[in-house]
Amino acid sequence: MHTAMTQAEESDKPPTFYDTHAHLDYPEFAPELPEVIARAEVAGIAKIISIGTDLESSRRAIKLAEQFPNVFAVVGWHPSNAMEAPADFRPALRELARQPKVVGLGETGLDYHRLPSASPNPKLKIPQTSLASDTRLQDEDERYKQKQAELFRQHLEVAAELRLNCVIHQRDSLEDTLAQLRPFANQVRGAFHCFANDVATMQEIVALGSLVSFTGILTFKNGQIIRDALAATPLDQFMLETDCPYLAPAPYRGKRCEPAYVKEISEVAAQVKGCSLQQLSRATCATAEKFFQRL
């Protein structure tokens, strides 16, 4: 009887969720950040993780976590900014990670979507039709990839050392990303954020002991491949996120995203999984707490 009453009482409570990937330090939020966080609380978003993209961004994420009780930080250097990173980011990363509200490292990984050859550096001053130009651009691509790989490896090394997990960004680089993660898979788990791949890719990631995380793309009309991937993902192997200020879910698509919109993402996710919002809340929050153990 007591158990039945407890379950009934629980079903009457509005479900709570976490936004496991937000960029609260971005200028889009500066004019009204306290209001943004307040709206998230009203929407039932109990915890928000603000993600660093370089040293200064990571420091800002930590300051926000210190300022707001329900905000936590992940610190690291985004692969798209790799060429600006120091040769050895590990000492700074260790220092950042010592802060008590830092719950993971990242976002880190590999991104081959916009290689230098796709947007040539005007400083090269080489005719773009020449063979020399092609060679130089290919060399730039290779240097860019090597710098990303080195930076990713440094994050994985520090994560293993400090027993933290990594928030992973991969775009057009899946096989190389998984190849770098595999040697660390017994020590470090990855959350493949903004997951936008197919079922087979999800299964490959989960087989490594890592997770996937779904954004507002889940709600897009053209997001069926992602809904299919979610449908096949075990209930305890994924998290929810906004990646705000980007990727606002329907019906806000095209507008600035914010953590409160996890509510709309969760509603679609529950429909896809065929579960209640309370079941989804319990599962995704427990998964986040297990992955981000300082949460």
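Does Asp-172 count as buried or exposed, and at what relative accessibility? I opened the notebook with this residue. At 52% relative accessibility, Asp-172 counts as exposed, because the cut-off for exposed is over 50%. The model I am reading is a predicted one.

**Entry 1: Asp-172 and its backbone**

I looked up where Asp-172 sits and found it in the loop between β5 and α6. I then checked its backbone angle. Phi of Asp-172 is near 55 degrees, which is a positive value in a residue other than glycine. I noted Cys-194 for a positive phi too, about 50 degrees, and Cys-194 is not a glycine either. I placed Cys-194 in the loop between β6 and α7.

**Entry 2: Gln-170**

Is Gln-170 buried or exposed? I read a relative accessible area of 16% for Gln-170, so it counts as buried, the limit being under 20%.

I next asked what the side chain of Gln-170 reaches. One of its polar atoms lies 3.2 Å from the backbone nitrogen of Ser-173. A polar atom of the Gln-170 side chain also lies 3.1 Å from the backbone nitrogen of Leu-174.

I listed the contacts of Gln-170, leaving out residues up to four places away in sequence: Leu-110, Thr-177, Phe-192 and Asn-197. I also checked His-113. Gln-170 and His-113 are 57 residues apart in sequence, but their C-alpha atoms are 9.2 Å apart in space.

I found Ser-210 in the loop between α7 (199-207) and β7 (211-214). Its relative accessible area is 1%, so I wrote it down as buried. The Ser-210 side chain reaches the backbone nitrogen of Gly-190 at 2.9 Å. With neighbours within four places in sequence set aside, the contacts of Ser-210 include Leu-181, Arg-189, Phe-192 and Gln-237.

Ala-185 is in another loop, the one between α6 (174-181) and β6 (190-192). I read 19% relative accessible area for Ala-185; it is therefore buried, as the limit is under 20%. Ala-185 and Leu-156 are 29 residues apart along the chain, and 9.6 Å separates their C-alpha atoms.

**Entry 3: Cis peptide bonds**

I looked for cis peptide bonds and noted the one from Gly-106 to Glu-107, with omega near 10 degrees. Glu-107 lies in strand β4. I noted a cis bond between Ala-250 and Pro-251 as well, with omega about 10 degrees. Pro-251 is in the loop between β8 and α9 (262-273).

**Entry 4: Nonpolar cores**

In soluble globular proteins, nonpolar side chains tend to be buried together. I looked for such groups here. How many residues does the largest nonpolar core have? I read 73, and the residues with the most contacts inside this core are Leu-24, Leu-105, Phe-214 and Leu-240. Helix α5, residues 131-162, gives the most to this core, with seven residues. A second, separate core has 15 residues, among them Phe-72, Val-74, Met-239 and Leu-295.

I followed up Phe-214. Apart from residues up to four places away in sequence, Phe-214 touches a list that includes Phe-195, Ile-226, Leu-230, Phe-238, Met-239, Leu-240 and Ile-265. Thr-233 and Glu-241 are also among the residues it touches.

**Entry 5: The largest pocket**

The largest pocket holds about 640 Å³. Which of its 25 lining residues lie nearest its centre? I found His-78, Asp-111, His-169, Arg-171 and His-193.

Strands β4 (102-111) and β5 each supply at least two residues of this lining. The largest share, three residues, comes from β5. I sorted the pocket lining by class: nine nonpolar, ten polar and six charged residues.

**Entry 6: The cavity**

I found one cavity of 30 Å³ or more in the structure. The space in the largest cavity is about 40 Å³. The residues lining it are Phe-17, Tyr-18, Thr-20, Met-239, Leu-240, Thr-284 and Ala-288.

Which element gives the largest share of this cavity lining? I read β1, with three residues. At least two residues each come from β1 (17-22), β8 (238-240) and α10 (277-291). I sorted this lining as well: five residues are nonpolar, two are polar and none is charged.

Key
Residues are numbered from 1 along each chain as its sequence is written. This is a predicted model: local features need pLDDT of at least 70, side-chain atom pairs count only at pLDDT 80 or more; totals for chains, interfaces and linings use all residues. Side-chain values use heavy atoms; hydrogens and water are left out. Buried means under 20% relative accessible area, exposed over 50%, partly exposed in between (1.4 Å probe, protein chains only). Contact means heavy atoms within 4.5 Å. A polar contact is a pair of N or O atoms within 3.5 Å; within protein, one must be able to donate a hydrogen and the other to accept it, and residues adjacent in sequence count only if both atoms are side-chain atoms. A nonpolar core is a set of buried Ala, Val, Leu, Ile, Met, Phe, Trp, Tyr and Cys residues joined through side-chain atoms within 4.5 Å. Helices (H or I, at least four residues) and strands (E, at least two) are DSSP runs, numbered from the N terminus. On a 1 Å grid over the protein atoms alone, a cavity is a set of points where a 1.4 Å probe fits but cannot get out, and a pocket is an open set with protein on both sides within 12 Å along at least five of seven lines; lining residues have an atom within 4 Å of a point. Grid points are joined across faces, edges and corners, and a volume is the space filled by probe spheres set on the points. Ala, Val, Leu, Ile, Met, Phe, Trp, Tyr, Cys and Pro count as nonpolar, Asp, Glu, Lys and Arg as charged, and the others, Gly among them, as polar.
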